[in-house]
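This report describes a structure for a reader who is new to the subject. Please look at the sequence and the model before reading on.

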Amino acid sequence: MVRKLLKKIFKFKEEKEIQEELFPKPVYVTENED
Amino acid sequence: MKPQTIKQADIKKLLPEGIKNVFFSDADYAMFNETFLIQKGLQGFKKWLKFSGIESVGQKRYWKRNYDCDNLANAFKTYMNLLHAKANPLSFTESFKTGKANETTAQGVAIGVIYFEIKGKKTSSQHAINIAITRGLRTKLVPIFIEPNAAGKIKLTKKERESIWYVNF
């Protein structure tokens, strides 16, 4: 049961890391920029 | 600070004059800053292509006969819009129900595809690249040109700018 849960957590972490690498958070042009 | 948005009419004013085919799919657009576009954004795009099995090979980089400049330019535009959608995930209903707000409500991001002519001494060919409206290091909003097939930000000659015949944001 614990092993299954850990496996799920690792898979989720791995997917999250891949997503963060493939899809970086964009930096927008903002109002009041000089 | 709040992301700035730009409307279709204001984007039109920033384009070279006389382009016959100018298309917009959204009412308003957010803009990515220049450093993000040509550094992290472009790197992410290349990783995304690699993840999809489109590898960088030789001089032509990501270019393939069946995945050429127009495909790359459209993919770059799509990828940047994916980043925009991912960064602003809440639907109108979700925002209303939870009281949370997205960073911006802009429908799209100001990155388009352009087609223009490259003239050699005896030959000419058509090429597709990206145009982005951004501020970068300047104070004014400006259009910049991006070659998504690895080179990043590029400059077009006056003749090339005048030869643009298709723009799609």
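## Strand pairing in chain B

Tyr115(B) stands opposite Ala128(B), a residue of β6(B). Strands and helices here are DSSP runs, numbered from the N terminus, with at least two residues (E) for a strand and at least four (H or I) for a helix. The model is a predicted one, in which local features need pLDDT of at least 70 and side-chain atom pairs count only at pLDDT 80 or more, whereas totals for chains, interfaces and linings use all residues. Residues are numbered from 1 along each chain as its sequence is written, while chains are lettered from A and ligands numbered from 1 in the order in which they are written.

Two strands pair if DSSP finds at least two bridges between them.

| Pair | Sense | Bridges |
|---|---|---|
| β5(B) (residues 111-119) and β6(B) (residues 124-134) | antiparallel | nine bridges |
| β5(B) and β9(B) (residues 166-168) | antiparallel | three bridges |
| β1(B) and β3(B) (residues 28-30) | antiparallel | three bridges |

A hairpin of four residues links β5(B) to β6(B). Ile114(B) has Val167(B) in β9(B) as its bridge partner, and Thr5(B) has Ala30(B) in β3(B).

In chain B, an open sheet of three strands has the order β1-β3-β4, with mixed pairing. β1 (5-7) and β4 (108-109) of chain B each have a single partner strand and stand at the edges, so one side of each lacks a neighbour in the sheet.

## A loop residue

Ser56(B) lies in the loop between α2 (34-51) and α3 (69-87) of chain B. Is Ser56(B) buried or partly exposed? A residue is buried with 20 or more other C-beta atoms within 10 Å of its own, exposed with 12 or fewer, and partly exposed in between; C-beta atoms are placed from the backbone. Ser56(B) counts as partly exposed because it has 13 C-beta neighbours inside 10 Å. Beyond its neighbours within four places in sequence, Ser56(B) is in contact (C-beta atoms within 7 Å) with Arg61(B), Tyr62(B) and Ala150(B).

## Chain A and the interface

In the interface, 14 residues of chain A are in contact with 24 residues of chain B.

## Confidence

Chain B has an average pLDDT (the predictor's confidence in each residue, from 0 to 100) of 91, and 96% of the residues score at least 70. The model has ipTM 0.88 and pTM 0.89.

Key: Two residues are in contact if their C-beta atoms, placed from the backbone, lie within 7 Å.
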